[in-house]
Amino acid sequence: MFCTDESINYILSYAKTLVDNMNKGRVIPKELKTIQYIVFGGLIAHYGFEHVDTIYKAFNSSNFVYTKDSFEEITKNVNYRGIKNNEIGKVGSFVSLSARPRLDGKMQINRTIYIMDNTKDEAPDLFLEKVVHEINHVVNSVNQPIVLYQGVKSFRVGMSVSEINGTRGFGRILEESFNVLQTADIMKEIINFSQYDIVDPEIRRGLDKIKYAYGRPRNGYGYEFTTPIIRDLYNNRKFRNLVVGSRLSGLIKPIRVDFDSKVGEGSYYKFCDTVDSIDTEGRVWWHKSEEEKLAEQYIKQYNASR
């Protein structure tokens with residue numbers, strides 16, 4: 001637990017040193033550097049120093065683009081396979097992901113983390129939360145990013161898997177919803193930094209912008225129709241710890257094995273498909289769909305098991 005001026009300053013100083021080392025030879029806007037310092041520090045506080053190599057690998061292997069262009073303008077020229085506009089509201093950040101075969105037979109992964117400067121249009125804490133959401137996806141995807149799914153090479157993003165050149169896959173909305181909840185916890189760590197006497201003036205100014213959000217409820221932003229359903233599963237400490245470790249390592253099979261052992265053989269894939277099928281278009285808050293009820297039933301059964 002990091003709860004002293006000394007320990008918080010050490011985390012942020014260490015994060016800054018690593019980020020500056022990573023950025024040698026790169027032209028980085030000062031706004032982006034401050035974001036990188038703060039987010040890297042928040043990830044250390046959340047995951048612990050034992051996972052700093054994975055966090056650094058995620059940052060160092062990604063291209064960061066800080067821009068005032070809109071999501072629509074950027075994606076005109078970017079091969080982007082991702083979220084739908086109706087799922088996320090105003091986009092503040094997203095990741096462009098592609099892969100190509102190398103001469104040694106392995107796949108070359110290319111990731112670009114786009115950060116759109118929306119700070120004039122929305123609250124600074126919400127803007128930062130969107131950035132943390134995307135970077136956290138990368139942290140949880142940088143190890144074992146390519147897996148075989150039904151014999152086909154596929155991208156792994158956290159818990160989700162999707163064919164590189166196809167449409168099959170599983171777990172996309174489960175991953176997004178889990179990531180929303182985890183991002184909210186990471187944001188609490190970051191906002192908590194603002195309550196300490198921060199020595200570095202650049203980082204202190206960045207934290208001062210979000211200091212007002214300290215103590216406010218933080219339920220997570222995005223995927224509003226599925227996140228409340230997944231929350232009961234996220235709050236299961238054993239499941240959450242299993243998922244956190246599996247996503248970081250890239251070995252996600254234990255999640256399926258564990259879920260099936262408690263709910264029944266084949267249940268995990270069915271659960272993922274059910275969550276993926278929840279229709280958010282035309283949805284009304286006071287009426288649950290059959291897919292929502294079924295997803296809740298799977299979670300209730302999992303949580304009831306010992």
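**Notebook: salt bridges and positive phi**

Lys16 sits in helix α1 (residues 5–22) and Glu202 in helix α8 (residues 201–208), so the pair ties together parts 186 residues apart in sequence. I took helices (H or I, at least four residues) and strands (E, at least two) as DSSP runs, numbered from the N terminus.

The model is predicted; local features need pLDDT of at least 70, side-chain atom pairs pLDDT 80 or more, while totals for chains, interfaces and linings use all residues. Residues are numbered from 1 along each chain as its sequence is written, and side-chain values use heavy atoms, without hydrogens and water.

I noted 11 salt bridges in the structure. Glu175 pairs with Arg247, with the closest N and O atoms 2.9 Å apart. Glu175 belongs to helix α7 (residues 172–193) and Arg247 to helix α10 (residues 237–249), so this pair links parts 72 residues apart in sequence. Both Glu175 and Arg247 are buried (under 20% relative accessible area; exposed is over 50%, partly exposed in between; 1.4 Å probe, protein chains only).

I then checked phi. Gln144 has a positive value, near 55°. I found Gln144 in the loop between α6 (124–139) and β4 (146–149). Gln144 is partly exposed, at 43% relative accessible area. Gln150 also has a positive phi near 55°, and lies in the loop between β4 and β5 (152–157). Gln150 counts as exposed, at 53%.

Conventions: Salt bridge = Lys/Arg side-chain N within 4 Å of Asp/Glu carboxyl O.
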